[in-house]
Amino acid sequence: MTSPTGSRRVTVTSSRTRAQRRGTYGSGGREIDEQTVVGEVLVTSLVRAQLRLAIYAAVLVGILIGGLPLVFVLFPGLSGRQLLGIPVPWVMLGVAVYPGICLGAWAYVRAAERNEDDFAELVDRS
Amino acid sequence: MTTSADLAAVALVTVATIGVGAYGVRVSRTTSDFYVAARSVTPFWNASAIGGEYLSAASFLGIAGLILAYGADMLWYPVGYTVGYLFLLFLVAAPLRRSGAYTLPDFAESRLDSRVVRKTASVLVVVIGWLYLMPQMQGAGLTLHTATGAPSWVGGALVGVVVLVIVAAGGMRSITFVQAFQYWLKVTALMVPAIFMVMAWHAHGAPSPGQTAVPVLAQDITVRVTSDLTVDVLYPTLVGVRGTVDGRRDDGPLVLAVGSHTLTTGTDLFLRKGSAVPQAVGQSTQHNMDWVRPLASTTSHDHPLYAIYSLVLATFLGTMGLPHVLVRFYTNPDGRAARRTTLLVLILLSGFYLLPTIYGALARVYAPDLLVTGQTDSAVLLLPGRLVGGIPGELLSALVTAGAFAAFLSTSSGLTVSIAGVIAQDVLPAMRGVRAFRIATVLAVGAPLVLSLFATRLPVADAVGLAFAVAASSFCPMLLLGIWWRGLTAAGATAGLVTGGGLAVAAVVVTVATNARTGWVGSLLAEPAAWSVPLAFTVMIAVSRATAASRPPGVNRVFARMHLPERVLVRPPERAPERA
């Protein structure tokens, strides 16, 4: 290897992420940016709220959709039943889950944005 | 055959793809344009592009083929692919966008401040990407073979060359337009024929797959045996033979007795309308009663409940770790837009995934002859011609073929951009800029193309499922712990990536090489996610605890950046595209 030039060394070490969050920092975010105790508490509170929401949503979906195989094992009679001429498990897995997924996604986005709005208000006031 | 219409369709998609791509070339001039479309893509187009990229050969061809063969349990594939995006939305979408990472290795390095973890992640990106690209090339080969009889390597090579041209010439900007265009092409290509097919099915008196005990032919058909195989015959069946059955040459009518029979390569089997279909051993659920019921089939896996939960885990958690998914999030202006785009993506995916089920169920009635050889991936391509006759049937066939090609092209180009990006940054550090990216592109496409020529023929949806399993066992724990737990260390992440990813890859290699799926060992190896995902999490947490002293010092700053809404930290919000 020849000794790398200075400009080459930049490509090796940069991960093209640094330039992406540029901007001037407002007074509301200064506590957070300067890593003060108040700032850290604020960040932790938001992370906790968002994590709680994410876990709640994932567990709910995990039970409602991930529980279906167990439902089919526990209630084998379901396959014999039909809805509009289609066996019930096919209706559930082939059709019904999809509107449920979209609805869940929509509700999550609303809740997550509300968490952020509450947080932004808190920061502006402090 | 409908060769000319199909060929015209493939040509049209290819030319249109290059055309739309070329339109993008004129606007992409700098390195920044090249990689991230200058982040000026609207949510609707971005969501369409994500949908276009995500719906691969597995979704377009594979799911319907698996449903034809195995029935109810295979409905978990589309459900899993969709819920995977839902979990991505819940757990990583906004923080990942806010992290500013462009690739998974970028995320690993910026979160954990370590070059080692970056290199490990880079290797895994390339492995998962190749694992995912290979079935796309196989699918392309199959499609072109079904349409024109061309040797299977031709389709893969065609896709490889087109992707190479688009990606190397235009980068991501053109890719975004190409992908968005191809989402809508794919939906149209499945939806329009499906409408005509359901109408034709009604006109036939709506025959249900469950009304005969085993799949029965809806028309006279000739099956050509392309590799030696063993079939199970469930009822004595009168067939016409030209070739070798059970080691004896035959040319004329023959009654196949109940039991196993071997068919030699090159044999033609003439099957009469109304006769039960001889089925390749172990490649399908033989009785329609088991086909309709969930968890009733034991032919696909010895332990169906384990297999389903493993698949559920792999798809639910694997999506977020796919290398081509993260890049797309980068084109959102901020975290909020990333969430809203994901919501839009889920709606688009949900609409699409209603369709393969219709094809799979209709194929059980109208294309059960594919069960003779077990090569059911071509069901989607054959069905429109079987149900709708004459010129309209040919046109619908051509439309499906076009959609299939769109699927290979879009997924392959998206994956290629991602793999090439990683190769250019981490494998070819001596070169810079656009030239490195172009050379990386050749590597990214070439390797899986060569692999697809030699690899055993797995069903495409199965092969893609393995890529999900590897992603779920490596990047999923790294992302979840990295985003939500300050305690993750570089050593912990590396150990988890190596253990989880390494073992999942090993399981994949053993499964592909031996094709053994029986017994508990076979099941555990064929569907590794159920044990490899928890293992990866455990290793990451345990090693991170043990190396807690080496937590990266900037973790609080990274956390603030990932989780805080942009308007709190950055004012005014950046709008103008970056110029490198």
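# A guided tour of chains A and B

Confidence in chain B is lowest in helix H2 (residues 31-36) of chain B, with a mean of 48, and highest in helix H5 (residues 76-91) of chain B, with 93. Helices here are DSSP runs (H or I, at least four residues), numbered from the N terminus. Next, select residues 28-38 of chain B: the pLDDT there is below 50, and beyond near neighbours in sequence this stretch has 36 contacts in the model. Two residues are in contact if their C-beta atoms, placed from the backbone, lie within 7 Å. Where pLDDT is low, the predicted coordinates should not be read in detail.

Residues are numbered from 1 along each chain as its sequence is written, and chains are lettered from A, and ligands numbered from 1, in the order in which they are written. Local features need pLDDT of at least 70 and side-chain atom pairs count only at pLDDT 80 or more, while totals for chains, interfaces and linings use all residues.

Now select residues 570-580 of chain B, where pLDDT stays under 50 and the model has 21 contacts beyond four places in sequence. For chain B the mean pLDDT is 82, and 88% of its residues reach 70 or more. The model scores ipTM 0.85 and pTM 0.86.

**The two domains of chain B**

Colour domain 1 (11-204 + 291-564) and domain 2 (212-290) of chain B separately; such bounds come from an automatic or database domain assignment. Their C-alpha centres lie 35 Å apart. Domain 1 of chain B gives 18 residues to the contact and domain 2 of chain B gives 25. On the domain 1 side, helix H4 (57-70), helix H10 (288-292), H13 and helix H14 (370-373) of chain B are the elements that give two or more residues.

**Helices H13 and H15 of chain B**

Select helix H13 (residues 335-366) and helix H15 (residues 379-387) of chain B, which pack at an angle of about 60° with their axes 10 Å apart. Axes are lines fitted to C-alpha atoms, for helices over the stretch in contact, and angles run from 0 to 180 degrees between N-to-C directions. H13(B) is therefore oblique to H15(B); angles under 35 degrees count as roughly parallel, over 145 as roughly antiparallel, 65 to 115 as roughly perpendicular and the rest as oblique. To see the contact, show B:Tyr359, B:Leu362, B:Ala363 and B:Tyr366 in H13(B), which meet B:Ala379, B:Val380, B:Leu383, B:Arg386 and B:Leu387 in H15(B).

**Helices H7 and H8 of chain B**

Move to helix H7 (residues 104-112) and helix H8 (residues 115-148) of chain B, whose axes are 8 Å apart at an angle of about 165°. H7(B) is therefore roughly antiparallel to H8(B). Residues to display include B:Leu104, B:Pro105 and B:Ala108 in H7(B), and B:Arg115, B:Val117 and B:Arg118 in H8(B).

**Chain A**

Finally, select chain A, which averages a pLDDT of 75, with 68% of the residues scoring at least 70. Among its elements, helix H1 (residues 6-13) of chain A has the lowest mean pLDDT (43) and helix H5 (residues 88-125) of chain A the highest (89). Over residues 1-28 of chain A, pLDDT stays under 50, and the model has 33 contacts beyond four places in sequence for this stretch.

Notes. pLDDT = per-residue confidence, 0-100.
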